[in-house]
Amino acid sequence: MNDRAVSVFENYEIEILRTLKGRGALLCETQEGWFILKEYTGPLARLEIQEKLLAAVKDNGFSQLEQLIRNKEGGLISYDQDRVPYILKTYYEGRECNLKDVRECQSAARTLGRLHNAMHLPELVQEYDVPALCMENEYVKHNRELKKVRRYLREKGQKTEFEIYLLHHYDFFYEKALSAVEELQGYANAFDEAAIKKNGNFCHGDFQHHNILYTPDCFTVINFEKYLLDNPIRDLYLFLRKLLEKNAWSVSLGLNILTAYETQRTLSEADRIQLYYRFAYPEKFWKIVNFYYNNGKAWIPGRNREKLENLLRQETEKKAFLDNALK
């Protein structure tokens, strides 16, 4: 973020005491507390819903989250001299959730349960006709992409070492992806867009340790830009997956986190089924393939090979977690 962004603060009714550079953002301290200025690349309509969502969640009793700030003209977006768009949000001093601290992760899971209770907002869904995201449709799209890349790799003449290695293990993960979607089709009406819209539950969309700040006495949740209408299991899955990948897919740890979450929000049978298939689907493999195919195939970073090797090494542990914790 360039220094010209500092001038954007002039659009707001705040008296700045000092500014600091953050990760891709600009922080400012005021007598009312801290604020954060960030570039925004999404549509205004989505930002308007985000503001309503954050306010409604706060009204529902979950106050440990950021709020969007309107400028002097009443707008949610302000521009610098180069017409770069920015948004201003409240900011909280704190550190990221420590994934090596089990008690802290349990507390974060309880926080997520409370957040999901407050994000049950069917009226907001109806008012703005918010589109829903269906897990099955999402995975069907991923499978089409996996099929396309597999065909590309098979037909490619001279292959790099990474491409040979990727193709060698491709069918193992591709079959898992196809199997997961085929089994999901047996729950046709339970997870479709109509059911999701009827339930009226929003998700944070990116609930991982970077966006969970440990502030005095509680966790504060930030960065709601990826919010969406879906089963709350999406957030729980992401948090759990990140945690378990770093802890050898510990069954006991996974169960502890699920128990902590359920102290605030009980998981239904449909929730547990969805959680199982989110883990069963090889999403990390799809991400590796997607990154390879869409980011310049002539240059394959070694990190991609390492990620694939790690994925293969953890497969047995992951299967044990699925069989012992979620079945």
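Is R70 buried, partly exposed or exposed, and what is its relative accessibility? I looked this up while keeping in mind that the model is predicted. R70 comes out at 32% relative accessibility and therefore counts as partly exposed.

**Entry 1, R70 and E51.** I found the side chain of R70 in a salt bridge with that of E51, at 2.7 Å from N to O. R70 sits in the loop between β4 (68-69) and β5 (78-79) while E51 belongs to helix α1 (residues 44-59), so the pair ties together parts that are 19 residues apart in sequence. I also checked E51, which has a relative accessible area of 16% and is buried, the cut-off for that label being under 20%. For the whole structure I noted 24 salt bridges.

Next I turned to K197, whose side chain meets that of D129 in a salt bridge of 2.6 Å, N to O. This pair links distant parts of the chain, with K197 in helix α6 (residues 193-199) and D129 in the loop between α3 (122-128) and α4 (135-155), 68 residues apart. K197 counts as partly exposed at 28% relative accessibility, whereas D129 is exposed with a relative accessible area of 52%.

I did note a bend of about 45° in α11 at E315. E315 is also among the buried residues of this helix, which are N304, L308, L311, E315, K318, F321, L322, A325 and L326. What covers the buried residues of α11 includes α5 (161-184), α7 (233-245), α8 (251-262), α9 (269-280) and α10 (283-294).

**Entry 4, a pair within α11.** Last, I looked up R305, which forms a salt bridge with E309, the closest N and O atoms being 2.8 Å apart. Both residues lie in helix α11, four residues apart, which is about one turn of the helix. An α-helix has 3.6 residues a turn, so residues three or four places apart point the same way. R305 is partly exposed with a relative accessible area of 29%, and E309 is partly exposed with 25%.

Conventions. Residues are numbered from 1 along each chain as its sequence is written. This is a predicted model: local features need pLDDT of at least 70, side-chain atom pairs count only at pLDDT 80 or more; totals for chains, interfaces and linings use all residues. Side-chain values use heavy atoms; hydrogens and water are left out. The bend at a residue is the angle between axes fitted to the seven residues ending there and the seven starting there. Helices (H or I, at least four residues) and strands (E, at least two) are DSSP runs, numbered from the N terminus. Buried means under 20% relative accessible area, exposed over 50%, partly exposed in between (1.4 Å probe, protein chains only). Contact means heavy atoms within 4.5 Å.
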